[in-house]
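Subject: Structure handover

Hello,

Please find the structure below, followed by notes on what was found in it.

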Amino acid sequence: MDDPVTGREGEPMRLLLFDIDGTLVNTLGAGKAALESAMLAVYGETGPIGAFDFHGRTDPAIVRGLLRLAGWTDGDIESGFDATWEEYLKSLDLELVGRGDRVHPYPGVRALVAAIEDDGRFAAGLVTGNMEGGAWRKLRSCGLEGHFRFGAYGSDSERREDLPPIARRRAEREYARNFDLRTAVVVGDTPEDIKCAHANGARALAVATGRHSVRELRDYDPEAVFEDLSDTSRLMRVLADE
Ligand SMILES: [Mg+2]
């Protein structure tokens, strides 16, 4: 008989580690707008935010990168971090509410996360550059929060590659069993997600719903690439390594 918490008795469970922006949810720029107002409130400037590539970076790495380009020292940047995240989360709430139901999951996401949740072979969590509070706000804004039970966030480390082992430890606590990153799959939309998977011995499933095309993502040798997450049955087979 299947145990609802630990999966099928005696069978290993596979970790699936999802990125959020560009992969699960399109917030129509809510995160960027919120970070811009938080930085203006705390530092009085944003650096070259219009030209800066946010994709695949953690939130603290974005703030540090922008302010370094504007000539700030790391000490001065870090002294504003706590105030920045407080402002950021307040502002993100407003930005998400302002966009209402135009904030949406990408095609197939709802069906895929529901299928994963119903399948005892998988434990689905997050590996995202978002601050923890931002990650859950973005998921909640389109009703996806109930499908994920653990994660690792930009608030845990500025370096994305540090996040999968943190997510694994939290999954082990949550599910009261061991997980192996070598069987894990990182699902994400940028080269940084692919590199993060491979740096941890995990597999990468890349999806071209963010800024990068299938062709661009292929250059980083992910184990699989999809245009979007709409082919649920094929995705489930690839995630299970069948
Ligand atoms: Mg992303």
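The axes of helix α1 (residues 30-43) and helix α4 come within 8 Å of each other and cross at roughly 140 degrees. Axes here are lines fitted to C-alpha atoms, for helices over the stretch in contact, and angles run from 0 to 180 degrees between N-to-C directions. Helices (H or I, at least four residues) are DSSP runs, numbered from the N terminus. The two helices α1 and α4 are therefore oblique to each other; angles under 35 degrees count as roughly parallel, over 145 as roughly antiparallel, 65 to 115 as roughly perpendicular and the rest as oblique. The crossing of α1 and α4 is right-handed (the near helix is turned clockwise from the far one by less than a right angle). On the α1 side the contact includes Ala-30, Gly-31, Ala-33 and Ala-34, and on the α4 side it includes Ala-83, Thr-84, Glu-87 and Tyr-88. Residues are in contact if their C-beta atoms, placed from the backbone, lie within 7 Å. By class, the contact of α1 with α4 has 12 nonpolar, four polar and three charged residues. Ala, Val, Leu, Ile, Met, Phe, Trp, Tyr, Cys and Pro count as nonpolar, Asp, Glu, Lys and Arg as charged, and the others, Gly among them, as polar.

This is a predicted model: local features need pLDDT of at least 70, side-chain atom pairs count only at pLDDT 80 or more, and totals for chains, interfaces and linings use all residues. Residues are numbered from 1 along each chain as its sequence is written. Mean pLDDT (the predictor's confidence in each residue, from 0 to 100) is 94 for the protein, and 96% of its residues reach 70 or more. Over residues 1-7 pLDDT stays under 50, and the model has 10 contacts beyond four places in sequence for them. Where pLDDT is low, the predicted coordinates should not be read in detail.

Helix α4 (residues 81-99) also meets helix α6 (residues 132-140): their axes come within 10 Å and cross at roughly 10 degrees. That makes α4 roughly parallel to α6. Tyr-88, Leu-89, Leu-92, Asp-93 and Leu-96 of α4 meet Gly-133, Gly-134 and Arg-137 of α6. This contact has four nonpolar, two polar and two charged residues.

As for domains, the protein is divided into domain 1 (14-27 + 103-239) and domain 2 (30-101), with bounds from an automatic or database domain assignment. Their centres, taken over C-alpha atoms, are 23 Å apart. In the contact between them, 20 residues of domain 1 touch 18 residues of domain 2.

Regards

Key: Two residues are in contact if their C-beta atoms, placed from the backbone, lie within 7 Å.
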